Structure formats: structure tokens, C-alpha cells
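Colleague: I would like to learn how to read a model residue by residue. Can we take the features in turn?

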Amino acid sequence: MNTTRFASVWDAIEDTPEEAANMKVRSQLMMQLKSHITKSGLSQGDVAKLLDITQPRVSDLMRGKINLFGIDALVNMAAKAGLQVQLQLRDAA
């Protein structure tokens, strides 16, 4: 039995390291946005207006439908929500 260990679930389920890296960034952005939205106490309708997206799109974000969001869209939403996005790169180990 092979017991391969992965640093992340994305490393285990994505076909390439590049796809895994993309999913890691997207999931982190989504989790931070969801947390920020939840803490704000705003309705999904109010959040939609703030982010200039539709309420169903807010619902998709809050339900974690990661396949519906690209990095660009998530960065734009974070900026509109008043969050500062920073990127940190490290050598792969």
C-alpha cells in the first residue's frame, strides 16, 4: 500500500503543481473574503452592491464554489471589500 503524503489537499487532487498552486491561492482568497463578509454583518444583497456583483454570485462565494471564481475576480472583490491583497513567493521546498 502506497501512503503518499501531500502538503495540501490541492497537491493531492490536482493534476499538476501549477494547478495546485492556482487552487491554493483561490481558496485562500475565498476563505478570507468569506470571513470578511461574515464579520461585516451585511446582507448578501448589500455585499453584492459593494462588490459590484450579483447576489447569486455572492451566494456562490459564500458556499465555496471555487470552480466559479478565478484569481483576478477574487482579487478585484477583495479590493472592493476594502481588503489589501499581498502576494508572497518562496522557493519551493
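Colleague: Is D60 buried or exposed?

Modeller: This is a predicted model, so every value here is computed from its coordinates. Burial is read from relative accessible area, and under 20% counts as buried. D60 has a relative accessibility of 17%, so D60 counts as buried. The residue is found in helix 4.

Colleague: Which residues does D60 touch, beyond those up to four places away in sequence?

Modeller: D60 touches M30, K65, L68 and F69.

Colleague: What about R26? Where is it found, and is it buried or exposed?

Modeller: R26 is found in helix 2. Its relative accessibility is 13%, so R26 is also within the cut-off and counts as buried. Setting aside residues up to four places away in sequence, R26 touches I66, N67, F69, G70, I71 and L74.

Colleague: I71 is on that list. How does I71 count by accessibility?

Modeller: Partly exposed, because its relative accessibility is 28%. I71 has its place in helix 5. Its contacts, again without residues up to four places away, are N22, V25, R26 and L29.

Colleague: How far apart are I71 and S27, in sequence and in space?

Modeller: They are 44 residues apart in sequence. From C-alpha to C-alpha, I71 and S27 are 9.4 Å apart.

Colleague: I37 next. Where does it lie, and which residues is it in contact with?

Modeller: I37 lies in helix 2. It is buried, with a relative accessible area of 9%. Apart from neighbours within four places in sequence, I37 is in contact with L42, V47, L51, L61 and M62. For M62, the C-alpha to C-alpha distance to I37 is 8.5 Å, across 25 residues of sequence.

Colleague: Now whole helices. Why do residues three or four places apart point the same way?

Modeller: An α-helix has 3.6 residues a turn, so residues at that spacing point the same way.

Colleague: Which residues of helix 5 are buried?

Modeller: L74, M77 and A78. Viewed down the axis of helix 5, these fall within an arc of 100°, so they line one face of the helix. Their cover includes helix 2, helix 3 and helix 4.

Colleague: How should I read phi?

Modeller: Most residues other than glycine have a negative phi. D52 has a positive phi, near 60°, and is not a glycine. D52 follows helix 3 and lies in the loop between helix 3 and helix 4.

Colleague: Is D52 buried or exposed?

Modeller: Exposed, with a relative accessible area of 62%. Just after helix 5 there is another positive phi, about 90°, at G82.

Colleague: Let us turn to pockets. How much space lies in the largest pocket?

Modeller: About 890 Å³. Its lining has 25 residues, and K24, V25, Q28, L87 and Q88 lie nearest its centre. Helix 2 gives the largest share of that lining, with 11 residues.

Colleague: How do the lining residues divide by type?

Modeller: There are 14 nonpolar, seven polar and four charged residues in the lining.

Colleague: Last, the chain as a whole. How many helices and strands does it have?

Modeller: Five helices and zero strands. From the N terminus on, the order is α-α-α-α-α. The C-alpha trace spans about 50 × 30 × 20 Å along its principal axes.

Colleague: How many of the residues count as buried?

Modeller: Of the 93 residues of the chain, 26%. The accessible surface comes to about 6,900 Å², and 52% of it belongs to carbon and sulfur atoms.

Colleague: What do the contacts say about sequence separation?

Modeller: Take the contacts between residues at least 6 apart in sequence. Of these, 57% join residues at least 24 apart. The pair I37 and M62, at 25 residues apart, is one to look up in the structure.

How values were computed:
Residues numbered from 1 in each chain as written. Predicted model: local features only at pLDDT ≥ 70, side-chain atom pairs only at ≥ 80, totals over all residues. Heavy atoms only, no water. Helix = DSSP H or I, 4+ residues; strand = E, 2+ residues; numbered from the N terminus. 1 Å grid on protein atoms, 1.4 Å probe; cavity = no way out; pocket = protein on both sides within 12 Å on 5 of 7 lines; lining within 4 Å. Points joined across faces, edges and corners; volume = space filled by probe spheres on them. Nonpolar A, V, L, I, M, F, W, Y, C, P; charged D, E, K, R; others polar. Buried < 20%, exposed > 50% of the residue type's maximum accessible area, 1.4 Å probe, protein only. Contact = heavy atoms within 4.5 Å. Areas by Shrake-Rupley, 256 points an atom, 1.4 Å probe, with all protein chains shown as cover. Arc of directions from axis to C-beta.
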